[in-house]
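I have opened my notebook for a slow look through a structure. Come along and check each entry against the picture.

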Amino acid sequence: MRLGDVAGIKASLIEKLMLMTPPIETVLDLVQHYPHRYHDRTRRSEIAGLIIGDEATLVAKVSKIAARKARSGKWMVEAVVGDDSGDLNLVFFNQRWRVNQLAEGTEVALYGKFDVYRGKRQMTNPIVDVIGRSGDQKTGVIVPIYPQSGKADVSSWEIKEAIAAALTHVGRFAETLPSDVLTEAKLVSRTDAYRHVHQPETLEQKRQAQRRLTFDEFLRLQLGLVARKRAIEAEERGICHKVDGPLVEQFLAALPFTLTSDQRDAISHIAHDLARPIPMHRLMQGEVGSGKTVVALTALLMAAQGGYQGALMAPTEVLAEQLFAVASEALGAITAPSEGTLLPERPVTVALLTNRVGAAERRRIAKGLAEGQIDIVVGTHALLYGDAPFTKLGLVVIDEQHRFGVEQRALLKGLGDDPDVLVMTATPIPRTAAMLVYGDLDHTELRDMPPGRMPVITKACTSVDRGEAYVRLRSEVEDNGHQAFVVCPLVEGSTKIEAKAATEEYERLAVEDLVGLRLGLLHGQMPAADKNSTMAAFRAGDLEVLVATTVIEVGVDIPNATVMIVEDADRFGLSQLHQLRGRVGRGTSAAWCFLLADPVTPDSQARIAAMVASSDGFQLAERDLEIRGSGQVLGEKQSGIGDLKLGRLPRDERYVLYSRSVAERLLDADPGLEANSALAQEVDDILGDDVEFLFKS
Ligand code: ADP
Ligand code: MG
């Protein structure tokens, strides 16, 4: 339904609504533009009644506003607002645009802390919602406040009027849920929900409306995910692997350590999946160092002992080479019964295939695969694109990647059978979030770490005490022969500026804080050959300190490095900081991570505090979700997560779980949602192109 069809919305307003981000183009967009706050007029305070320290909510009218430059050189905006009881000063720092927002006569809702400063009654940097311009009609006790997008210049009041017109125009909304679900979950109808989210008469009505609409958001996502998972499973053309056998036994018996209980669980889940005729599609999350490789190798041996080939893929050539070295060493002593030859046994054979491998070696690998002498190929993702001519591919393990989507699966099919897939990632995301983003995958976590690892001592330093970090670094290098990283700030969108900043810091450190130490520089703008030689020198111990941009984030393994200094740490995300910190403390000596920052925003303060408080990646991921909100953390485009307008994690965990069970029930009863076209349409809308795959019978 187009906005133009609705009587009572002016063409000029429609134009402005289209300019909002995201644009409001249809009636559905409009009624799903929810208030981000409500102002309850029955509970507002009066200016005259405020006491110092009160966190107050006020409705007042702007009577005066002006901007001036303070002595510090910063802009300061001062306004006077008033209600029937009296006047109040507002002070805003660094928000010069307030002058335009709060023209005289504007009615505003204010949330802030009341204070008296030099005898003046005031609020500093309060939260301000513009309710309307002077002369607007003031109806309703609970006033919805809409998110306004600055560029489009649409006031909350205009949006409210447009929505009122749209609600009248629509009348009743199609109900998408069967009545037994409505009753069971005590949910209000869609018609009531849309009406009361915008025009509540009581706060309870508003709450019920939000509950229903939040539930709908999660249900749509879960329907899509469950349908996709079922579609994959319905194919039932998977390989039944021989999961018990001599190779796995030999391998596990020869391990120089005992498996953690999470590793044992992971192996048994994978064994269960591999034995079934349904292709495995499992995600294993575990922090750096949690021991994912052993689990992966065990799975590959399960495939090999039934005569299938395995692929082990890493995101970069360096990581592939690293994995190949580990795999060759771990599997070298294991022997496989050899069928085609007279010899009774042959070693399990691993080959490396990357762009650096020459033509002759490629031919050898092809021959080995064709004749059944090569069991496992380690390489980069190029393996997927037909680089290795597998003849009996049974299992694909993908290291350090989040998502293995529909397209990649399609590529695999091109390689022959329907191999099982295990995806591994070291960037954990919280469990319920994983149920949303990876709800079409099975999912395993390695939470406990192998014993004997020392936690990294993490300290936050401000510009006043950053010297401590350099003192520690120097003593670790000079007294203990250890190495260190200095990570330079991230520059959004510009590796060039980033490189420049790192170069300057490198030059500064060389003559100031770290004078006399052997420093190396590493950034993304350097030629690959220089990067490699710098890394090699650092690895060999010829360089003592590596000054680098975040290029070191992935996969660098230097057990002798025991100090990490992160400059401007407040500019990094929490998971990134955690990944960076994971680069030290990989040996058996104590290690330090210094976060240098003078964080000003509450979010950046919270991130730094979280890093100091915890070294558990899963806990930090939960915290990250709380601080930044699900849209930011999980990425807007991932599986329709960006569609969540009301829903929020981790707050709405219960909805995730419950909507999952409802989705399963609805699809059990009606796998194609044929009897519920309104709901099918909504799922279609959020999943876009994937839908074809979904509801194809
Ligand atoms: P990641 O999960 O980061 O891939 P790795 O598999 O590389 O971790 O394991 C990190 C190190 O821990 C390796 O040296 C590995 O041999 C060792 N390791 C793995 N599992 C255990 C265990 N259960 N006990 C002790 N050490 C282990
Ligand atoms: Mg690994």
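**Entry 1: strands around β5**

I began with strand β2 (residues 55–69) and strand β5 (residues 107–117), which run antiparallel and are joined by 7 bridges. Strands here are DSSP runs of E with at least two residues, helices are runs of H or I with at least four residues, and both are numbered from the N terminus. Two strands pair if DSSP finds at least two bridges between them. On this pairing I looked up A56 and found it opposite G112 in β5.

Before going on, I noted that this is a predicted model, in which local features need pLDDT of at least 70 and side-chain atom pairs count only at pLDDT 80 or more, while totals for chains, interfaces and linings use all residues. Residues are numbered from 1 along each chain as its sequence is written, chains are lettered from A and ligands numbered from 1 in the order in which they are written, and side-chain values use heavy atoms, with hydrogens and water left out.

Next I followed β5 to its other partners. With strand β7 (residues 127–132), β5 runs antiparallel over 5 bridges, and A109 has D129 in β7 as its bridge partner. With strand β6 (residues 120–124), β5 pairs in the antiparallel sense over 4 bridges; there V116 has R121 as its partner. I reminded myself that strands of a sheet pair through backbone hydrogen bonds, either parallel or antiparallel.

I also checked the hairpin of β5 and β6: there are 2 residues between the strands, and R118 takes a positive phi near 50°.

**Entry 2: a parallel sheet**

In what order do the 7 strands of the open sheet come? I read β13-β14-β10-β15-β16-β9-β17, with parallel pairing. The edge strands are β13 (350–353) and β17 (442–446), each pairing on one side only. Neighbouring strands of this sheet are turned by 20° against each other on average, direction ignored. For such angles, axes are lines fitted to C-alpha atoms (for helices, over the stretch in contact), and values run from 0 to 180 degrees between N-to-C directions.

I picked one pair from it: β10 (residues 309–314) and β14 (residues 376–380) pair in the parallel sense over 5 bridges. G310 has I376 in β14 as its bridge partner.

Then I looked for helices lying across these strands. Helix α9 (residues 261–275) lies across β9 (281–286), β15 (393–398), β16 (420–425) and β17, and runs at about 160° to β17. Helix α11 (residues 317–331) lies across β10, β13 and β14, and runs at about 170° to β13.

**Entry 3: ligand 1**

Which residues are closest to ligand 1? I found T258, Q263, G289, K292 and T293, out of 14 residues that surround ligand 1; a residue counts as near if one of its heavy atoms lies within 4 Å.

- A polar side-chain atom of Q263 is 2.9 Å from a nitrogen atom of ligand 1.
- A polar backbone atom of G289 is 2.6 Å from an oxygen atom of ligand 1.
- A polar side-chain atom of K292 is 2.8 Å from an oxygen atom of ligand 1.

On its own, ligand 1 has 570 Å² of accessible area, and the protein covers 71% of that. Accessible areas come from the Shrake-Rupley method with a 1.4 Å probe; for residues, only the protein chains shown count as cover.

**Entry 4: two loop residues with positive phi**

Most residues other than glycine have a negative phi, and I found exceptions. D568, in the loop between β22 (561–566) and α18 (574–581), has phi near 45°. L673, in the loop between α22 (653–669) and α23 (677–687), has phi of about 50°.

Is each one buried or exposed? Buried means under 20% relative accessible area, exposed over 50%, and partly exposed in between (1.4 Å probe, protein chains only). L673 is buried because its relative accessible area is 4%. D568, at 31%, counts as partly exposed.

**Entry 5: the whole chain**

The protein chain has 24 helices and 23 strands, and 52% of its 697 residues count as buried. Its accessible surface comes to about 31,800 Å², of which 52% belongs to carbon and sulfur atoms.

How values were computed:
Contact = heavy atoms within 4.5 Å. Polar contact = N/O pair within 3.5 Å; in protein donor to acceptor, adjacent residues only side chain to side chain.
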